[in-house]
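Thank you for making time for this at group meeting.

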Protein chains: 2
Amino acid sequence: MATLGDIGVAAAINILSAFVFFLAFAILRIQPVNDRVYFPKWYIKGLRSSPLGTGAFVGKIVNLDFRSYVRFLNWMPAALQMPEPELIDHAGLDSAVYLRIYLIGLKIFVPIAFLAFTILVPVNWTNNTLKLSNLTYSDLDKLSISNIPMGSTRFWTHLVMAYAFTFWTCYVLKKEYEIVASMRLHFLASEHRRPDQFTVLVRNVPPDPDESVSELVEHFFLVNHPDHYLTHQVVYNANKLSELVHKKKKMRNWLDYYQLKYSRNQSKKPSLKTGFLALWGTRVDAIDYYTSEIERLSKEISLERDKIVNNPKAIMPAAFVSFQTRWGAAVCAQTQQSRNPTIWLTEWAPEPRDIYWDNLAIPFVSLAVRRLIVAVAFFFLTFFFMIPIAFVQSLANIEGIEKAVPFLKPIIEMKAIKSFIQGFLPGIALKIFLIFLPSILMLMSKFEGFISLSGLERRSATRYYIFQFINVFLGSIITGTAFQQLNNFIHQSANNIPKTIGASIPMKATFFITYIMVDGWAGVAGEILRLKPLIIYHLKNFFLVKTEKDREEAMDPGTIGFNTGEPQIQLYFLLGLVYAVVAPILLPFIIVFFGLAYVVYRHQIINVYNQEYESAAAFWPDVHGRIIVALVVSQLLLMGLLSTKHAAQSTPLLVTLPVLTIWFHRFCKGRYEPAFIRYPLQEAMMKDTLERAREPNLNLKSFLQNAYIHPVFKGGDDSDYDEATEEGEKEPALVLTKRQSRRNTPLASKRSRSFSSLLPEDQEL
Amino acid sequence: MATLGDIGVAAAINILSAFVFFLAFAILRIQPVNDRVYFPKWYIKGLRSSPLGTGAFVGKIVNLDFRSYVRFLNWMPAALQMPEPELIDHAGLDSAVYLRIYLIGLKIFVPIAFLAFTILVPVNWTNNTLKLSNLTYSDLDKLSISNIPMGSTRFWTHLVMAYAFTFWTCYVLKKEYEIVASMRLHFLASEHRRPDQFTVLVRNVPPDPDESVSELVEHFFLVNHPDHYLTHQVVYNANKLSELVHKKKKMRNWLDYYQLKYSRNQSKKPSLKTGFLALWGTRVDAIDYYTSEIERLSKEISLERDKIVNNPKAIMPAAFVSFQTRWGAAVCAQTQQSRNPTIWLTEWAPEPRDIYWDNLAIPFVSLAVRRLIVAVAFFFLTFFFMIPIAFVQSLANIEGIEKAVPFLKPIIEMKAIKSFIQGFLPGIALKIFLIFLPSILMLMSKFEGFISLSGLERRSATRYYIFQFINVFLGSIITGTAFQQLNNFIHQSANNIPKTIGASIPMKATFFITYIMVDGWAGVAGEILRLKPLIIYHLKNFFLVKTEKDREEAMDPGTIGFNTGEPQIQLYFLLGLVYAVVAPILLPFIIVFFGLAYVVYRHQIINVYNQEYESAAAFWPDVHGRIIVALVVSQLLLMGLLSTKHAAQSTPLLVTLPVLTIWFHRFCKGRYEPAFIRYPLQEAMMKDTLERAREPNLNLKSFLQNAYIHPVFKGGDDSDYDEATEEGEKEPALVLTKRQSRRNTPLASKRSRSFSSLLPEDQEL
């Protein structure tokens, strides 16, 4: 293990790099020209429409107020100032609860670290096992369990601590589950009227020779929910149409680009080649080409649109059924409709913007097959992903390239380039794979047939966590590919597996400390800089933007990215819990990560990320479950470690821990999970009654009529996909209701003060 | 392994003993005096009230018609003649579907045996591996996989057969699941009006300072199910009362006994001692004593009854809530009511006679704790039950007895008795434990808090199966206690476990053949003789019976006993599937078991067993699941076995099998299981609509009012528990409905002919 000095140097480097990121951020963010990169959320919400510059033209690009450079870290307290209820209003419950994950990290690990440093560290330190042995060791090792002699009674301390840590973690988890569940229920209860409260998605409508899907749905629900059925909306298979619309949008972008170019430089008409990547083919006038292409596509689109509306085969056997009351919808979503449980499947409709339209028509049998295929594929991906990568690596050597493209040989043979390629190539395949992994996992989830974006992200997160657990956590502890591990584990006794892993845990503490600093500290600090969106925005701004609307489109606020972010946090929970008893020196590093990440992501959520959907914290059971997994893993590994230390008498006591933990998990599952899956009738009835009293003449039908139309049917010919979605959400607001679209919820009156306090001070309103 | 001859002798002995049982049965059953032992079902259903003797007094006790002795096996075709729909009418769907388990055994194993004997046996037989080896072997071994040389390509046959057997089993299982599910739905749809169709059990009603439980329930459901709520019935904690009633009934029995004794022998007034077991204490007049005791108890009962009715603390936080429509009940049972998912828990009310009243008031937290305790207790029971038994055995040796009761020493020291005790004692503790095991498991389930008898039996069956799997199946293959196995498995690699077990499977074929013959053949044949009820009935008949009603009570028809019967059948499925590929010689024995058991149990169900409850085949998912488990176990063990035979190239193909099987199970679960848990709204609506059309003036409230009153409140003062239950079921029939109580359903008209054909021919009506 490295010495304290080594760790200190590494820490210094990483703190410095984090500091540099923060400094760069502090300077960049107060330049008005970057305003749309660092504060897109405010533009999306319509609270800001142009950077609040200091006057002249130069002032609109560069910030000339030098006072603001001094207080370069004051975004941090600003990020922490917004109270949670306001945050929920501002960015949705999902984001607010997502931040609580970081807070849980602090709540769990700060007291644990305190206990560990006052009790465990002295107990470990006051031995001289390592001194007496001939092993090389460092001061860091003296703080860890390695310094306790074999079979010492001091292991009782670790045992008691394991119990204390488990109970504390469970206590925090239970409290937090309770809070999040009540936040969710409160959020659902205080929500404005939304179409998904009244709507149920029906899938696998059985084919009927005499009736169309629409008629069938109407009849079925009129018969079986006579007092509650209101209206329905069939689902069209508009995948091809939306592809065409998307294509047209791209064409229009290019047309805009060339028109702008031409208007700036009228002397030369822009032209392009029509072949592959615009490298080959005949040269044509660019503006003419795109104009005609767009015309062609417009025709095609209107043809396709007619085809979909008139062709009964374009109607998928699914429908959004709306009810007169929330009670009716809650009943329909939670019950079985038909005696054949694979038809007339009902479930809560996701929010309109949360729907993944492509998957709405997958039949039941096909779903089961898809699930099997994805399970097998994921197994192979996790355990055998190294095989194709090794294959690619073996191809991508210098000789291979020289053979494939002989004319490059002289260049490649140059010494500098050759060594660069040799050093770079072997790693690149793996790197590319890891970059694309979240997308691959997302594709898997899509193939599996989830119908909401939130569901897709949750499933991808689960898979990503498993992948990280096996390939990062286990892979770093027992060096070797996942497949080698699997092979080892199959040939080892169930008893030996925790021993093998447990025994090598203390040795890996330094590695994980470095990992936390590079991936956690510097990674989080890098997140705030948003280098990629910054560059892309300025490129787009320079080449494409003509109007304010274009500029708005050029913003790329991004989203929290639950499917990649949450598994990363979970890795830190795992590390923290595993090392809490074994090598408490790791804990401060994890606490710093959680603290830093909390501030950074709070800032990002307030100022940057766009909210793609609102699942009302439906992901919490997953988060809770994975922390429990980390807890059980830590207990098993401690058991393995202690049994190699001749402290076998502790085994029965340690076996009790996972049993209790799993029982605790099941208890929580029964107690709190239903709040995340079902919708209690009492709540529905309460909201219905209130609404009926307040608005007795409400025309609900017109409110719900168009809520669940496929986005491509909504916008006009000129609209693109995104626009359509947005419009789709706003549309219901046109009906006589007091509803306020999510995107412009915050009221200016009493909140404006606290909002403005979040802006850089020099940009005060 | 034993030779063919040995097996033949064992088979002959067992066939002979089965034959003797059948012969004894054939003679005993046609004696009119035994009529109530062998045909109690007909008495219970009210279709027969006295044995159909041939005239004189002697003819009422002994059958004098000698012709009937000749055709002593003709109960068998008679048992098979009743068609299934009639059987469902006669004995309920549970019984009819229970019989299908045996039929599945035949459906699975007959074709498998045919394939195995035409393909596998020749392939095994035409080797001379055993001949060339120096091992002792028998002809039986030559039929098994042991006769194939190491690494032979002939193992491909076994591999293909494993696939064929798996696909066939899955095909049969799927077909059967489909049939049973549709039988269940058809049964539920064609049922007469029953209170449980309209009623939902609500548990964990939250305490309220201002309202009583009854008021609270009424208000809650009036608010949240305004259009559907009809009435409700609170649950009283009448455990003490029912205990008193039970005690009084026992006293009355004794009083009857002594009165009868006195009336027979008027010279001597019967007396008894009041102390422990009537061995100590003052001697009193028995009739006076019991009369006064009964009087005292009657008073106590009426006091207790008043106390329960008037004391709000005797009302448990649970209620049976009835709805106006089946639709309303289906909705309430399937949805969550309150935002706190641990209060207002709703579920379908079981049939009134199926309710286990004592468990109705267990709160949620306590349920979770109980589940943990039972899980841990069951684990210890399964793996460590040998420890207390060994302890008892070590105490219960000759020396121990001599020390405890020194005055018995001279008797014990006698040689014959000593050797008897020494041979008998060590086994007796285990034997007693095994006899009481089902009761212990049932107690565990009761402690766990299930609220219906059917639920209790299902859970006990699951536990009994696990116990048998570990202690009988694994215990016989790897000799050693379960704990030793567990210890072995922990210290073995995951790879080695199937190898160890798989390798010893072929060697145990003879053992299991003998087991099947003793436990299966002779056991089933013994079941039909009903020796214990026969003896008890005649004892009671002699000592207690005065009136016809007493005689009816003296009958002990028993029930199918799902909790012990089904796990036993499952053991045969397991053996059959495991040995199908390895040693097909086992299959004929299993087929004979299934055939024999099918006939015997069909006869018993028609003529003997009383139906305690009707769960409409709710146990089928369990049955299906356990056969799948057996299938997966057989595949894993085959994999282990083949890998010890150097046929490793088959492993990937064999790994695919369990993956496919488990996937198949999940598919079936999704496709069919909901039919066993939920009640589709479509069905409910259909029945409601039909009923409304047929009986527009139905007074449902009076029909439901008293359906769910605790049995002790129903009968008069003189009634006993059983009577009350019976009355409870009949009571609703008094209301103006066409409903016919289950117990006297079959109509005489067109069915009487087929019924009579089931009676012994000499007793023709």
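I will begin with the ground rules and then go from the chains to single residues.

This is a predicted model, in which local features need pLDDT of at least 70 and side-chain atom pairs count only at pLDDT 80 or more, whereas totals for chains, interfaces and linings use all residues. Residues are numbered from 1 along each chain as its sequence is written, chains are lettered from A and ligands numbered from 1 in the order in which they are written, and side-chain values use heavy atoms, with hydrogens and water left out.

Let me start with chain A, which has 35 helices and six strands; here helices are DSSP runs of H or I with at least four residues, strands are runs of E with at least two, and both are numbered from the N terminus. Of its 765 residues, 53% count as buried, where buried means under 20% relative accessible area, exposed means over 50%, and partly exposed is what falls in between, with a 1.4 Å probe and protein chains only. The chain exposes about 34,300 Å², and carbon and sulfur atoms supply 64% of that area, as computed by the Shrake-Rupley method with a 1.4 Å probe. If we take the contacts in chain A between residues at least 6 apart in sequence, 81% of them join residues at least 24 apart, a contact being heavy atoms within 4.5 Å.

The UniProt record, an unreviewed entry, lists several stretches of chain A as "transmembrane region", among them residues 6–28 and 101–125; its positions are given in the numbering used here, feature names are shortened, and annotations may be inferred rather than shown by experiment. In the model, residues 6–28 are 100% helix, with end C-alpha atoms 33 Å apart. Residues 101–125 are likewise 100% helix, and their end C-alpha atoms also lie 33 Å apart.

How is chain B laid on chain A? A turn of 180° with a shift of 0.0 Å along the axis does it, at an RMSD of 0.1 Å, the superposition being by least squares on the C-alpha atoms of residues with pLDDT of at least 70 in both copies. The two copies are therefore related as by a two-fold rotation axis. In chain B, the C-alpha nearest that axis belongs to B:Ser493, 1.7 Å away from it. Both copies use the same surface, since 98% of the contact residues of chain B recur in chain A.

Now to the aromatic side chains, where a search of the whole structure finds 74 pairs over all chains. Rings of Phe, Tyr and Trp (its six-membered ring) pair if their centres lie within 6.5 Å, and planes under 30 degrees apart count as stacked, over 60 as edge-to-face and the rest as tilted. The rings of A:Phe433 and A:Phe467 have centres 6.2 Å apart and planes at 50°, so this pair is tilted. Because A:Phe433 lies in helix 19 and A:Phe467 in helix 20 of chain A, the pair ties together parts that are 34 residues apart in sequence, and both residues are buried.

Over in chain B, B:Phe221 and B:Phe323 make an edge-to-face pair, 6.1 Å centre to centre with 80° between the planes. B:Phe221 belongs to helix 12 and B:Phe323 to strand 5, so parts 102 residues apart in sequence are tied together. B:Phe221 is buried at a relative accessible area of 0%, and B:Phe323 counts as buried at 0% too.

Back in chain A, ring pairs link a cluster that includes A:Tyr465, A:Phe511 and A:Tyr579. There are also charges over rings, meaning that NZ of Lys or CZ of Arg is within 6 Å of the ring centre and within 35 degrees of the ring normal. A:Arg370 lies over the face of A:Phe447, at 4.7 Å from the ring centre, and the charged end of A:Arg463 sits over the ring of A:Phe378, 5.5 Å from its centre.

I will close with a backbone detail. A:Ala616 has a phi near 55°, a positive value in a residue other than glycine. Where is A:Ala616 placed? This alanine, A:Ala616, lies in the loop between helix 27 and helix 28 of chain A, and at 4% relative accessibility A:Ala616 counts as buried.
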